[in-house]
Amino acid sequence: MIRDPDVFQPFLHSLRRFVRERLVPREAEVAAQDRVPEDLVNAMAAQGMFGYSIPEEYGGAGMTTEELVLAAMELSQCSVAFRARVGTNTGIGSEALVADGTPEQKARYLPRLASGELTGSFALTEPDAGSDATALKTTAVRDGDDYILNGTKCFITNAPIAGVFTVMARTDPEKSGAGGISAFIVPRGTPGLGTGQPYQKMGQAGSPVSEVYFNDCRVPAANLIGGEEGQGFKTAMKVLNKQRIHLAALCTGPAIRMLDDAVRFVTERKQFGQLLADFQLVQAMIADCQTEIHAARALILETARKRDDGQDVTMEASICKYFASEMCGRVADRCVQLFGGYGYIADYGIERFYRDVRLFRLYEGTSQIHQLNIARRTFAQAGSR
Ligand SMILES: Cc1cc2nc3c(=O)[nH]c(=O)nc-3n(C[C@H](O)[C@H](O)[C@H](O)COP(=O)(O)OP(=O)(O)OC[C@H]3O[C@@H](n4cnc5c(N)ncnc54)[C@H](O)[C@@H]3O)c2cc1C
């Protein structure tokens with residue numbers, strides 16, 4: 001749902017201009033320095049980019065799902081590092097509080113997440129609990145008015161720069177699986193909380209990811225999200241369900257950008273005395289990219305509208321994430337092909353996108369986990385007919 005098209009369309013327009021004029025020219029610098037420079041972080045904060053999904057009463061833009069995915073498709077038409085910088089605040093790093101936080105927890109953290117003063121991070125994955133996230137071993141043991149957390153999280157986006165973490169930990173060791181898991185807010189500076197060195201990654205330079213350690217980390221009971229034990233995994237699933245639609249949109253922006261770059265290249269370069277764009281085999285690759293981008297966009301918008309309408313989109317969210325992330329990988333591969341040898345050379349940027357977008361098929365549910373989820377729900381629907 002778009003609340004006011006007269007406000008939203010000019011907003012999208014100015015976002016597009018900001019991405020093209022301010023972010024795209026700095027892509028190579030971000031990749032070389034492996035960080036988003038402070039002046040751009042401040043500029044993104046001034047644009048309100050950290051608060052897109054956070055309710056207006058807490059200083060955000062309170063975007064509907066449809067608005068959020070449309071903004072995401074614009075914002076992500078540049079290096080993934082830029083939107084990753086704001087992305088935990090507009091997604092997994094704030095959404096647990098938005099969905100299930102108590103009024104006090106929301107009032108305490110959401111305004112600072114919306115302004116970008118604090119960077120949020122979502123810590124679910126562990127060395128032995130990846131796809132099988134309910135196998136997590138981090139413990140949270142009640143001690144008077146506190147909980148004491150122990151354990152290790154791995155692959156946590158923005159952990160090296162985060163000011164606050166949403167942490168999934170087991171409060172009931174008797175209950176294996178989802179039932180014994182609770183969600184906590186843990187601010188940086190809490191004694192016993194540590195973060196590792198950023199990993200060296202295949203791509204997404206400028207988006208720091210590291211381990212997070214809890215060694216007798218004492219957290220007030222008031223930081224238990226929602227105030228009730230055993231609800232953490234449900235909260236995590238709420239976060240991920242919305243995020244899957246959002247992430248699908250964030251896979252579509254890079255695909256649009258890569259196709260734009262490839263179109264420019266093939267309409268300028270000549271071989272055999274004619275433009276590459278005139279070869280029908282080249283046109284086929286362009287058409288396949290364009291078709292898949294349109295299919296993803298339509299699927300995402302329909303799912304976003306259904307979610308705004310209050311419908312259960314659990315299966316559709318998985319379909320969006322699965323299709324859009326795989327689509328983006330195929331588009332990246334074709335675009336490298338369209339650039340020929342230049343597609344393999346760093347100066348042309350397309351190889352960076354190729355490496356950056358590979359992650360989309362791995363995190364927030366691998367493609368295989370989404371296939372299983374989609375099939376399971378398809379069988380369930382068939383059984384209930
Ligand atoms: C750069 C990066 C950033 C990340 N950011 C975050 C973050 O901010 N917060 C967070 O909590 N996590 C984050 N993750 C973790 C990410 O969500 C996990 O890596 C992902 O869920 C997969 O888990 P795994 O790596 O342990 O792989 P595994 O679960 O070990 O999977 C390995 C392979 O086996 C397949 N597989 C596993 N189970 C099945 C099955 N039942 N059937 C068929 N195939 C299966 C998988 O599809 C995959 O191909 C991030 C990861 C990376 C790399």
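The legends below describe close-up views of a predicted model. Local features are described where pLDDT is at least 70, side-chain atom pairs count only at pLDDT 80 or more, and totals for chains, interfaces and linings use all residues. Residues are numbered from 1 along each chain as its sequence is written, and side-chain values use heavy atoms, with hydrogens and water left out.

**View 1. Helix α4 packs against helix α9.**
Helices (H or I, at least four residues) and strands (E, at least two) are DSSP runs, numbered from the N terminus. Helix α4 covers residues 65–75 and helix α9 covers residues 280–308; their axes lie 7 Å apart at an angle of about 150°. Axes are lines fitted to C-alpha atoms, for helices over the stretch in contact, and angles run from 0 to 180 degrees between N-to-C directions. The angle makes α4 roughly antiparallel to α9 (angles over 145 degrees count as roughly antiparallel, under 35 as roughly parallel, 65 to 115 as roughly perpendicular and the rest as oblique). On the α4 side, the contact (heavy atoms within 4.5 Å) is made by Thr 65, Glu 66, Val 69, Leu 70 and Met 73. On the α9 side, Arg 297, Ile 300, Leu 301, Ala 304, Arg 305, Arg 307 and Asp 308 take part. By class, the contact has six nonpolar, one polar and five charged residues. Here Ala, Val, Leu, Ile, Met, Phe, Trp, Tyr, Cys and Pro count as nonpolar, Asp, Glu, Lys and Arg as charged, and the others, Gly among them, as polar.

**View 2. A salt bridge joins Glu 66 and Arg 305.**
Side chains of opposite charge can pair when their charged atoms come close. A salt bridge is a side-chain nitrogen of Lys or Arg within 4 Å of a carboxyl oxygen of Asp or Glu, and the structure holds 23 of them. In the pair shown, the closest N and O atoms of Glu 66 and Arg 305 are 2.9 Å apart. Glu 66 is buried, with a relative accessible area of 6%, whereas Arg 305 is partly exposed at 43%. Buried means under 20% relative accessible area, exposed over 50%, and partly exposed in between (1.4 Å probe, protein chains only).

**View 3. Helix α9 has buried residues covered by other helices.**
The 29 residues of α9 should span 42 Å at 1.5 Å a residue, and its end C-alpha atoms are 42 Å apart, which agrees. The expected span is 1.5 Å times one less than the number of residues. Among the buried residues of α9 are Val 282, Ile 286, Cys 289 and Glu 292. Their cover includes α4, α8 (232–266) and α10. Just after α9, Gly 310 has a positive phi of about 85°.

**View 4. Helix α10 is mostly covered.**
Helix α10 (residues 314–339) has 20 of its 26 residues buried. From first C-alpha to last, α10 reaches 38 Å, close to the 38 Å expected. Gly 340 follows α10 and has a positive phi, near 60°.

**View 5. Asp 146 and Arg 218 link two strands.**
Their side chains meet in a salt bridge of 2.9 Å, N to O. Asp 146 belongs to strand β3 (residues 146–157) and Arg 218 to strand β7 (residues 209–220). Asp 146 is buried at 18% relative accessible area, and Arg 218 is partly exposed at 40%.
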